[in-house]
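Reader: I am new to reading protein structures. Could you walk me through one, feature by feature?
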Amino acid sequence: MGEPLIVDQSTLAVRSLGPSRVTSPLLPLLGERPTTEHYIDEADKVLLDDTLAMVSSRNVPLSELPSFEAAGPRRKIYFDPAKTRVGIVTCGGLCPGLNNVIRGLVTELTTHYGVTRIFGFRNGYQGFIARYGHDVVDLTAERVATIGEDGGTILGTSRGQQDPEEIVDCLSRMNISILFVIGGDGTLRGAGEIARVATERGEKIAVVGIPKTIDNDIPFIDQSFGFQTAFAKASESIAAAHAEATSAPGGLGLVRLMGRHSGFIACYASLAKSDADVVLIPEVPFALEGENGLLRYLRRRIEETGHAVVVAAEGAGQELFAAHGNGLGPGTDASGNRRLSDVGQFLSGRIVDYFTDVGVEINLKYIDPSYVIRSVPANPYDSVYCIRLAHAAVHAAMAGRTEMVVGRWRRRFIHIPIPLAISHRNQVDPSGDLWMSVLEATGQPARFQ
């Protein structure tokens, strides 16, 4: 991702395919609802800033404060449901809740809007490209009724971009008016290209994203779906590492969790169990050697308490590999992400070597639950969140919004332009209250240096 955009009202504006003139089937449910703490009228906005200091620093009139378009049903919509065909695709790595989102999209489209033709494209963006030979799936309310009970995605998924021209060709051939894209930053970047090509061709195709990232690293959303399930599952591995560490002399449990660039899973999972003595995240570099380095800290901890538990996000400590002659990870994956060196194996080796050199007994147990975490079904919280995101996405698409994603900001559901959603990564702030809570819970120093 690039440098963060300067956020003003122009960057928060959401594109529309045109005026909405069709009366919404949901009109009887809406009535005249004013904005309250629990509901936002479609004409209202959600402020970007939520503190007096941030608002005051703008030094602009109230009407010019940066604000998001509110999500939710509109009284007038752009598409005629009886004539609308819809496509759904899931891309990238697995994440708890994918099936829940698919189910939410299909049931809202069919039950409340009366859309009857919904197609699922198999195996990510490959599903649009003829040479891969993937068939499409007719999605009905009956077919998706119980899919939320299972992890993964019934549509399959893949990594890597495909030609947006060919994707729009496919959408045009099938007379699809709305495309829902469920995926992370690379997927959303591709969705933006699809929307661009459709616009250049004069095609009236709404492209709406539901952001998926188990690392919680997409900006301008409070949390991504599946994140709560992921850190809850990850906390079980921390508890297992603690049990192993406390059951052996010189016991040390090392848990490697997902988090390429953002340490949210490591932070939240560690706080959920409070068994971790050290949490390592990509946002806070650390040193191994020296009086205030990690290795001596672990030695002191084990000598004092008899055990220690270390939780490391997968992207932590990448700066150490070049210094130790290991180099960086080999190239990039299909999504264009740089491959990371394995910090878990690296730390395991360095810790064992250090304790051997200083003559202190160590019994290290290494746990990597990554694929277990991302493949489980969503928990009840995420199940609710998924269906609400799906509803918001359907409302936006039927109203003709395009090149945008839905999310929740300050507890309000909003529309976010795709360029803003892929402008930078959401990361743990080393000066923020989350990292302060981790330091308080673990007792570790602010820096190992």
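Author: Gladly! Let's begin with pairing: two strands count as a pair if DSSP finds at least two bridges between them. Keep in mind that this is a predicted model. Here, strand β11 (residues 251-257) and strand β13 (residues 307-313) run parallel and are joined by seven bridges. Within that pair, L252 stands opposite A308 in β13.

Reader: What holds strands together in general?
Author: Strands of a sheet pair through backbone hydrogen bonds, either parallel or antiparallel.

Reader: In what order do the strands of the sheet with β11 and β13 come?
Author: The order is β12-β13-β11-β14, an open sheet of four strands with parallel pairing. At its edges are β12 (278-280) and β14 (363-367), each of which pairs on one side only. From one strand to the next, the twist averages 15 degrees.

Reader: Which strands does helix α11 lie across?
Author: Helix α11 (residues 343-358) lies across β11, β12, β13 and β14. Its direction is at about 180 degrees to β14.

Reader: Now the sheet of nine strands: what is its order?
Author: Read it as β3-β4-β17-β16-β10-β9-β6-β7-β8, an open sheet with mixed pairing. β3 (45-47) and β8 (136-138) stand at the edges with a single partner strand each, so one side of each has no neighbour in the sheet. The twist in this sheet averages 35 degrees from one strand to the next.

Reader: How do I follow the pairing from strand to strand?
Author: Take the pairs in turn. β3 and β4 are antiparallel and share three bridges, and V46 stands opposite F68 in β4. Next, β4 runs antiparallel to β17, with two bridges joining them. There, A70 has I414 in β17 as its bridge partner. Elsewhere in the sheet, strand β6 (residues 85-90) runs parallel to strand β7 (residues 117-121), and five bridges join them. V89 stands opposite F121 in β7.

Reader: And where do the side chains of a strand point?
Author: In a regular strand the side chains alternate between the two faces of the sheet.

Reader: Which helix lies across β16?
Author: That is helix α13 (residues 380-398), which lies across β9 (178-183), β10 (206-211), β16 (404-409) and β17 (412-417). It runs at about 135 degrees to β16.

Reader: Which residues of α7 and α8 meet?
Author: From α7 come F227, A230, F231, A234, S235, I238 and A239, and from α8 come F264, I265, Y268, A269, S270, A272 and K273. By class, the residues of this contact of α7 with α8 are eleven nonpolar, two polar and one charged.

Reader: How is α8 placed against α15, oblique or parallel?
Author: α8 and helix α15 (residues 433-442) pack at about 45 degrees, with their axes 10 Å apart. That makes α8 oblique to α15. The crossing of α8 and α15 is left-handed. F264, C267, Y268 and L271 in α8 meet L434, W435, S437, V438 and A441 in α15. The contact of α8 with α15 has eight nonpolar residues, one polar and no charged ones.

Reader: What is the angle between α9 and α11?
Author: Helix α9 (residues 294-305) packs with α11 at an angle of about 65 degrees, their axes 11 Å apart. α9 passes α11 in a right-handed crossing. The contact includes L294, R296 and R299 of α9 and R350, Y354 and F355 of α11. Its residues divide into nine nonpolar, no polar and three charged.

Reader: What brings charged side chains together?
Author: Side chains of opposite charge can pair when their charged atoms come close. The rule used here is a side-chain nitrogen of Lys or Arg within 4 Å of a carboxyl oxygen of Asp or Glu, and by it the count comes to 24 salt bridges. In one of them, the side chains of E42 and R75 meet at 3.0 Å, N to O. E42 is in the loop between α2 (27-30) and β3, while R75 is in the loop between β4 (67-70) and β5 (76-77), so the pair ties together parts that are 33 residues apart in sequence.

Notes
Residues are numbered from 1 along each chain as its sequence is written. This is a predicted model: local features need pLDDT of at least 70, side-chain atom pairs count only at pLDDT 80 or more; totals for chains, interfaces and linings use all residues. Side-chain values use heavy atoms; hydrogens and water are left out. Contact means heavy atoms within 4.5 Å. Ala, Val, Leu, Ile, Met, Phe, Trp, Tyr, Cys and Pro count as nonpolar, Asp, Glu, Lys and Arg as charged, and the others, Gly among them, as polar. Axes are lines fitted to C-alpha atoms, for helices over the stretch in contact, and angles run from 0 to 180 degrees between N-to-C directions. Angles under 35 degrees count as roughly parallel, over 145 as roughly antiparallel, 65 to 115 as roughly perpendicular and the rest as oblique. A crossing is left-handed if the near helix is turned anticlockwise from the far one by less than a right angle, and right-handed if clockwise.
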